[in-house]
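Here is a friendly note to read alongside the structure. Take the points one at a time, and keep the 3D view open as you go.

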Amino acid sequence: MKIGLKGIDGLEDEEKNSVKQVMIADLSKLERGIVLELADVHIKIYNEEGNRKKYSVHLRVSISEKVFEANAHDWDLRKALHMVVDKLANELEKRFHLSDKHKHNKDKKYGSTLGYQEETQ
């Protein structure tokens, strides 16, 4: 997977390293269920002259000729990065049903006796 980072020129070295670490770690977790071809991360900084900076993170991922996008913003860069990956994970879950929670267990639904042990007297 190729990760493109844009807008990190205005960040300090520590923040740049943090962005790289979080994106590699979080996007590799997404790759467990699907193959990510390309990921673009755009970071915008607001309120640079003030006491605190506000970060806006936009994430775009390409998967088999389909593009998925998510965005998040926060006063803490790491929190914004985690939030945007979580939003993208939710979007991918809706589209591809990656987890097992959407698979119905027919035994429970229809009351089958598979796995049921009868009592013997």
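1. Let's begin with a pair of residues in a predicted model: valine 57 stands opposite alanine 72, which belongs to E4. The two strands E3 and E4 pair in the antiparallel sense, over nine bridges.

2. Now step back to the sheet. Four strands make up an open sheet with the order E1-E2-E3-E4, and the pairing is mixed. E1 and strand E4 (66-74) are the edge strands, since each pairs on one side only. From one strand to the next, the twist averages 15°.

3. Two helices pack on this sheet. H1 touches E1, E2 and E3, and its direction makes about 145° with that of E1. H2 touches E2, E3 and E4, with its direction at about 145° to that of E4.

4. Have a closer look at H1, residues 13-30. This helix has 18 residues and reaches 26 Å from its first C-alpha to its last. Among its buried residues are Val19, Val22, Met23 and Leu27. Down the axis of H1, the buried residues fall within an arc of 130°, so they line one face of the helix. The face turned away from that buried side carries the exposed residues Asp13, Glu14, Gln21 and Ile24. The cover over the buried residues of H1 includes strands E1, E2 and E3 and helix H2.

5. Is serine 56 buried or exposed? Serine 56, which lies in strand E3, is buried, because its relative accessible area is 9% and the cut-off is under 20%. Its side chain makes a polar contact with the side chain of histidine 58 (3.3 Å).

How values were computed. Residues are numbered from 1 along each chain as its sequence is written. This is a predicted model: local features need pLDDT of at least 70, side-chain atom pairs count only at pLDDT 80 or more; totals for chains, interfaces and linings use all residues. Side-chain values use heavy atoms; hydrogens and water are left out. The expected span of a helix is 1.5 Å times one less than its number of residues. Buried means under 20% relative accessible area, exposed over 50%, partly exposed in between (1.4 Å probe, protein chains only). The arc is that of the directions from the helix axis to the C-beta atoms. Contact means heavy atoms within 4.5 Å. A polar contact is a pair of N or O atoms within 3.5 Å; within protein, one must be able to donate a hydrogen and the other to accept it, and residues adjacent in sequence count only if both atoms are side-chain atoms. Two strands pair if DSSP finds at least two bridges between them. Axes are lines fitted to C-alpha atoms, for helices over the stretch in contact, and angles run from 0 to 180 degrees between N-to-C directions.
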